[in-house]
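Here's a quick briefing to read with the sequence and the 3D view open.

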Amino acid sequence: MCLPAPTDTPLHCPHFGRCGGCTRLDQPIGDQLADKQARARELLAPFLAGVEPAIALPPRTPRHDRTAILYPAQLHERRLSLGIYRQGTHDVEPITDCRIQHKALTQLGVRLGDALRALNLPVYLEGTGRGLVRGVKARVMPGSNELLAGVIVTRSDFSERNALAKAMAAATAGLRDDQGRPLQPVGCVLNVNDRPGNALLGPTTIALSGRSWQTDVQGGLRFRVSFGSFYQLHRHADAILFQPALAMLGDIAGLRVVDGYGGVGTFALRLLRAGAAHATVVESSPSSCADARANVADNGFGDRAEVREEAFGSAPLPACDLLVADPPRAGLMAQGAAAILQAAPPRVLLVSCALDALARDLAALATVYRVAQVRLCDLFPHTEHVETLTLLERR
């Protein structure tokens, strides 16, 4: 498939060239997509057998589409700074403007930085293991405009906790989206990570005000997503990823489905709504499993779904007609690939966020499966990354 000549104008950002959040903001989106398509052809060539990776231009230049921020905190000139790591480093670039993330989230990040500095909260220092603040995270739900914000700390008990709760509530108030509609703050939380190292998020989340989860609404489905649960970060993910995935699968009425690495049930619920007879969600994250169970019940699929809290491949999979696998960036790895080969369903839909990992996964599955369709879904515009849907059929 040949892409039409790009007509968009590259965007400008004062942080571009230092910030590692995007690396191709200075290139037209058509050129970016053509390069991603060419790389997919190159990396996946041994498995395509004439199948062309499909891709399409967006209706406009992607901008402000990322619906979450996760900023580490660092000391710069003895002051707390929040932002995105600079390219190739673990040094933070303080972010005051951004072309890829939701405008209100950029504004919120500035406000939270001001609040943390005003309270003089000590920054966590990886080298010594001392300090309190590790970073901040916030997310806007595109279908509901609900906003959930949190500060990541090393301990939950500190003298400024009540003052921080008030400052966070003030920071989340009065924010609006690109169309001027007010965001709906639903909670301010503490996420506690007392483990040494540079990982930001911890296993425990405490609501300072409101609740520790938010709700998205997409295509008649409601998704509860807790602070620590994974959820696609592009505001048009339903149109760019999920709808094309359903189109690739065609009629699924009456099928038994396994949703591997299933998160809060984003694929499973859509497949059940499309007519699948039963869906089994396999997910290792406790918060995501709790959300998935709530989502199954809230959407009326309680008698047609099961949620298994286990690592994908740690136990035999149930018999199924279709398996969807949406692994993290590293891909299926040996355990995940072995689980698919053992289950051997007639069709597998791989949802991959790294082309090199997808190539490894296809090599591991090639003795049993052939590639039927490939579609690139640009959930990461202005970067080298791309999400890929690959439909496999058993040989």
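Let's begin with helix α6, which covers residues 286–298, 13 residues in total. Keep in mind that you're looking at a predicted model. From its first C-alpha to its last, α6 reaches 18 Å, close to the 18 Å expected at 1.5 Å a residue.

**Around helix α6**
- Which residues of α6 are buried? They are S288, C289, D291, A292, A294, N295 and V296.
- Look just past the end of α6 and you'll find G300, which takes a positive phi of about 80°.

**The overall fold**
- Zooming out, the protein's secondary structure comes to eight helices and 16 strands.
- Its radius of gyration is 21 Å, close to the 21 Å that the globule rule gives for 395 residues, so the protein is as compact as a globular protein of that length.
- Along its principal axes, the C-alpha trace spans about 60 × 50 × 40 Å.
- Take the contacts between residues at least 6 apart in sequence: 66% of them join residues at least 24 apart.

**Inside and surface**
- Buried residues make up 52% of the 395 residues.
- The accessible surface comes to about 16,700 Å², and 51% of that belongs to carbon and sulfur atoms.
- As for charge, there are 42 positive and 38 negative side chains, and the centres of the two sets lie 3 Å apart.

How values were computed
Residues numbered from 1 in each chain as written. Predicted model: local features only at pLDDT ≥ 70, side-chain atom pairs only at ≥ 80, totals over all residues. Heavy atoms only, no water. Helix = DSSP H or I, 4+ residues; strand = E, 2+ residues; numbered from the N terminus. Rg over C-alpha atoms; globule rule 2.2 N^0.38 Å. Buried < 20%, exposed > 50% of the residue type's maximum accessible area, 1.4 Å probe, protein only. Contact = heavy atoms within 4.5 Å. Areas by Shrake-Rupley, 256 points an atom, 1.4 Å probe, with all protein chains shown as cover. Lys, Arg positive; Asp, Glu negative; His and termini not counted. Charge placed at Lys NZ, Arg CZ, Asp CG, Glu CD. Expected span 1.5 Å × (residues − 1).
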